[in-house]
Amino acid sequence: MTSAPLKGADRIAAGPLADGTAPSVRPSRPRRPGGSAPYWFLVPTLALFAAFTVVPIGYAIWLSLHKVKVKGIGLGKGAREQVWNGLGNYTDVFQDSEFGHSVLRAFGYGLIVIPTMLGLALLFALMLDTPKARSAPFARLMIFLPYAVPGIIAALMWGFLYLPDVSPFYYLLDKFGLPQPDLFDGGNLYLSFANIAVWGGTGFNMIVIYTALRAIPRDIYEAARIDGATDLHIALRIKIPIVMPSLVLTFFFSVIATLQVFTEPMALKPLTNNLQSTWSPLMAIYDSAFLKSDVYGASATAVVLALATFVLSFTLLRISDRFTREDRA
């Protein structure tokens, strides 16, 4: 009777072969733990990402390359036909002065919001990180609490505080005989919108910076104090340089939020006649799509804004990465 060939450990246990040579052992291929099971857990996320991100972006690009051709007076079946327009919508976007003005207004708004908001967030984080800080958990909660208020509610609340007829601030100014500025007129609109954004966004950025500060080893501070450094020296020469990546991250998010400002001006628009319907880039897109019924031009504008945001974000990240490498070197 012939015996079955030995494999693996059985060959080793069987000892040398009849001719004295050692048995050859074929290395077994390591098995993947779980096989393809982990990838199945990604299917719901990928499906939702494709359905609500990839498909809408692709549809917007497809719409931006078409337009409606109207036959006759535009009534009846077949009077309006969707035809290929190529880059015609994009040409109209760059020739649209209203959209250009909305972008400039967004940049002016950002020049007020970003330095003020990040400066206050850094200041509050440094103050809460000092050993002399009292009631730090309560202070953190109070600073962060405005961020938990939905943007539309915050905009409406501040909007009524800006109205002279119902605002308690105007009542106090009138009682003391002080001037009452119109916060819905001209350049004051920038300050009105910036105040809402700073009030709501400072707490979030403060938490990000404060978390980075708490991750710094306390031994560094003790060594600096032994060398005679004050709290101000520690903040300027140790804390701020170490948390610089967190500052870059918050700056990056703030720039994106500035280009996408929509809630504040849209909520305050019914309260004043001095606010254009195309005050910000997203408002211009909304006006084109839903008020003028030009979804093709609005799609082209949205694609241009998305590409501009991507290019600006990529440029800022490359610049910050270069400075970070130089600091490490």
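The conversation below takes several terms in turn and sets each value against its definition.

Mentor: This is a predicted model, in which local features need pLDDT of at least 70 and side-chain atom pairs count only at pLDDT 80 or more, while totals for chains, interfaces and linings use all residues. Residues are numbered from 1 along each chain as its sequence is written, and side-chain values use heavy atoms, with hydrogens and water left out.

Trainee: What makes up the secondary structure of the protein?

Mentor: The protein has 14 helices and two strands. Helices (H or I, at least four residues) and strands (E, at least two) are DSSP runs, numbered from the N terminus.

Trainee: Why is Val 295 called partly exposed?

Mentor: Buried means under 20% relative accessible area, exposed over 50%, and partly exposed in between, with a 1.4 Å probe and protein chains only. Val 295 has 36% relative accessibility, and therefore counts as partly exposed. Val 295 lies in helix α14 (residues 295-328). Its C-alpha atom is separated by 9.0 Å from that of Ala 60, 235 residues apart along the chain. Across the protein, buried residues make up 31% of the 329 residues.

Trainee: Why is α6 called oblique to α8?

Mentor: Two packed helices are described by the angle between their axes and the distance between the axes. Axes are lines fitted to C-alpha atoms, for helices over the stretch in contact, and angles run from 0 to 180 degrees between N-to-C directions. Helix α6 (residues 151-162) and helix α8 (residues 188-214) pack at about 135°, with their axes 10 Å apart. Angles under 35 degrees count as roughly parallel, over 145 as roughly antiparallel, 65 to 115 as roughly perpendicular and the rest as oblique. The angle of about 135° therefore makes α6 oblique to α8.

Trainee: Which residues of α6 and α8 make the contact?

Mentor: Contact means heavy atoms within 4.5 Å. Ala 154, Ala 155, Met 157, Trp 158 and Tyr 162 of α6 meet Ser 192, Asn 195, Ile 196 and Trp 199 of α8. Seven of these residues are nonpolar, two are polar and none is charged. Ala, Val, Leu, Ile, Met, Phe, Trp, Tyr, Cys and Pro count as nonpolar, Asp, Glu, Lys and Arg as charged, and the others, Gly among them, as polar.

Trainee: What makes α9 oblique to α10?

Mentor: The axes of helix α9 (residues 218-226) and helix α10 (residues 231-242) come within 11 Å and cross at roughly 130°. That angle makes α9 oblique to α10. The residues of their contact divide into five nonpolar, no polar and three charged.
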